[in-house]
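Dear colleague,

Please find below the structure that I am handing over to you. My findings follow directly after it.

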Amino acid sequence: MENYKLTPSQWKVIDFPYNASSTLKIIAGPGSGKTLTLLHKIHYLIQSGQLRPNEVLVLSLTNKAVDNIIDNLLSIFELNNVEEHPPAILKELVEQIGVYTIHGLANRVVVENEGLITIIEENGWRGLLKLLPTDFWQNRRLNSNGLTRELQAALNEFKSKNAISKNNKSTKKQDEVIEKLVTIMNNGKVLTNDDLILRATEYLSRIATPSTIENEISEESFTQALKSKYKVILIDEYQDLYPSLLPIIQKVSSEKQLIMFGDTNQSIYGFLGDNSEVITALDKLHLTNSQTLHLYDNFRCTPEIINSANRILSNHHQGHSTAEDLVLKKPSGVAPQIHEFVDPLDELEFLVDNITQSVCSSAKFSDIAILSRTNKHIQTISEHLTSYGIPFEKLTVQPDWLSDTRIQFIIDLLKVALLSFKGEHAEDRMEKLEYKWQSDFNVIVTLSAIKGIGNKSIQMLYSACNARKCSLWEYISCVSKEEWPSTVSNKKKVENYTSLLKPLIKDGKICDLDEPSILLKEIVSIINDLDYDPLKFQTTKDMEIFKKNLGEMFKIMKLSKSNQPQDHPIFVEWFLETYFDQSLIFHRAKLESELDDGSLGSVKLSTIHSSKGLEFPIVYLAGGPMGLSYPIEDKSLYVGMTRARNLLYLLNTKHGRLGEPTNKSMSPLLNNEPFWNYYNLDMKRIHANPSRLFNSNIIRYNKIGGKFGLGKRTFMTYLRPTFKLCKYLL
Ligand SMILES: Nc1ncnc2c1ncn2[C@@H]1O[C@H](COP(=O)(O)OP(=O)(O)OP(=O)(O)O)[C@@H](O)[C@H]1O
């Protein structure tokens, strides 16, 4: 991170005084240096002696934003080390600053108070669906995604009804069924993300105000620290907050100084609820002591890009009469390029051709981002880039391997083994009961994924174990199958499941397997003998995807092994508690090594949603087949366009105020030496002899373009062999 000269409007925010029970709202447009200002604000609060590092809490919505803040905080403190602290002290100081996602913070509070919890994922929903009686959907025909959505909606409706009337004894059969599911989830500590927020808020509400408990609760309690220690709460991207997050934010920020940065024009989570409702509620938090400041500058986009993006906003007033200190980049001479393609393959070929042109013209692959509205279109683009051997990386909210339901199945089986073992050896009745509830959920989820074990069988077994007051695992592994309810069909399949898992649970073998490769081999060999359809691959491609994801899981296991602390002696438990965070650490380290190795890096592929808060020198907004047939929403388009620093392409992007398509024959790239000089200056890549470099770049493109038939359709395009185009670009 560079030590930029801060602008007057940035300074106004940075040296705004600390005041308890107050709100400072900063309205900051795209590229106005919001993150940089937030980092300097933290530094200033600490360096000026107003606050100690452990009194500052930063909250964001995404792991990416949190990573970005953590990565850059230390640099800001190093660059502005007025007191000349030694590096180790500085690092220690920065580590005391709390930086979390809102869900991460809630998770910490709940885990601190309840131990291991499960946030429900796709496999979990499928397991719960299996517990529903066949007539539940009243013959409605829905696929499994549709059913999951309906079930979530039914659960939410049930919970809000109950919240209104705690004694609501509905006689509706549907409510009785849902109530049972809610009980299973509650007992098994299985939470949805919304539950997590509410549960954490409840724990925070139980904590008394700081003055009355001073010495009662240990310094170690994170829940307590949230209430009493932190004095300033900074919220990044407030426009993304949605109503279900409000309770915890209100609880954490009350009586503190709440500093929120954001831009309502970039509010794109409307589908999760009305953001203005949240803003109104937060505005009321410290009603009499609240102030708003603006950051108008735009350090990111070329004026051509920002003008075009501003046209999209129907509420935008041209020019800022109030901002005398407005900073803008110089014009680049290249307007955003608008292209339309009837055939979707043409859009894909255009991408490959233009990426090659940019890379020949001194850009790196890692300068380029392709953004789309849907993950499906991102997948199509990734397949096309693969066929040309162009390196890419997907910027997803969740790493790919974790979204693979087969990997989730492996994780659920590991949980069955660990929790069942711990349940069998629990010391008291209460502890045993807790393990029962948790392991029951994972047994239901894994059993229900096995071919031939139907809903009715699972429901019968579950009722039978509850009648015996034992866990589902104990029931199916200790009670002989002759005693099981006669309505359980396919008893052999259930018996096979137990006999395969038994050796892992008996005598605690699961806890002794602390070598990742042996543990993984063991669990995969069990799955091989289960009748688990998703691992009977229909295509080689499917198998390759699984192999890749399993490889990722193995890497994360090895990473967990390398940082397993001594006070967590059971490897599998450490891995199951931390794999999500470990995966993020791994991902970050991978990105850093890519930046350092001097190579061309990889093209970034992302949905517009996942690209929030990021910037890229070159951005392609790819609309897909006929702009995916519905017009793009204003704010999504605005966010997508304002991610671009220097070059923006809008492909098949339908929007009334976007303007006319660009003439395709006027390519802005090749033959535009002034633009590439501008580009290299902006990227701080200064070349000794730019003209010579420029000429050799054109020759290089012509050679590669000719070889691969870029820019024109040839029979090769349809055959899509795996070209190794990138080999020629290195
Ligand atoms: N005072 C400054 N001088 C020069 N460059 C700056 C200054 N402040 C910020 N920048 C640069 O401006 C760019 C945009 O900053 P940042 O990413 O913080 O924007 P943002 O306001 O968070 O945008 P968005 O809301 O779109 O995410 C960054 O490259 C940053 O380094």
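Of the 730 residues of the protein, 36% are classed as buried, a residue being buried if 20 or more other C-beta atoms lie within 10 Å of its own, exposed if 12 or fewer, and partly exposed in between, with C-beta atoms placed from the backbone. Please note that this is a predicted model, in which local features need pLDDT of at least 70 and side-chain atom pairs count only at pLDDT 80 or more, whereas totals for chains, interfaces and linings use all residues. Residues are numbered from 1 along each chain as its sequence is written.

The protein contains 31 helices and 14 strands; these are DSSP runs numbered from the N terminus (helices: H or I, at least four residues; strands: E, at least two). Among contacts with a separation of 6 or more, 81% join residues 24 or more positions apart, a contact requiring C-beta atoms, placed from the backbone, within 7 Å.

Domains. An automatic or database domain assignment supplies the bounds: domain 1 (8-111 + 203-208 + 220-297), domain 2 (118-163 + 171-188) and domain 3 (401-592). The centres of domain 2 and domain 3, taken over C-alpha atoms, are 22 Å apart. Their contact takes 14 residues from domain 2 and 15 residues from domain 3. On the side of domain 2 that touches domain 3, α6 (122-129) and α8 (173-187) are the elements giving two or more residues, and α6 gives the most, with five. That side comprises three nonpolar, seven polar and four charged residues. Here Ala, Val, Leu, Ile, Met, Phe, Trp, Tyr, Cys and Pro count as nonpolar, Asp, Glu, Lys and Arg as charged, and the others, Gly among them, as polar.

Ligand. The ligand is surrounded by 19 residues, of which Tyr4, Pro30, Gly33, Lys34 and Phe299 are the closest; a residue is included if its C-beta atom, placed from the backbone, lies within 6 Å of the ligand. Helix α2 (residues 34-47) gives the most to this shell, with three residues. By class, the shell has six nonpolar, eight polar and five charged residues.

Backbone. Most residues other than glycine have a negative phi. Asn490, however, has a positive phi near 55 degrees; Asn490 sits in the loop between α21 (472-478) and α22 (491-505) and is partly exposed, with 15 other C-beta atoms within 10 Å. Asn652 also has a positive phi, of about 45 degrees. Asn652 lies in the loop between β14 (644-651) and α28 (673-682) and is buried, with 24 other C-beta atoms within 10 Å.

Yours sincerely

Notes. Contact = placed C-beta atoms within 7 Å.
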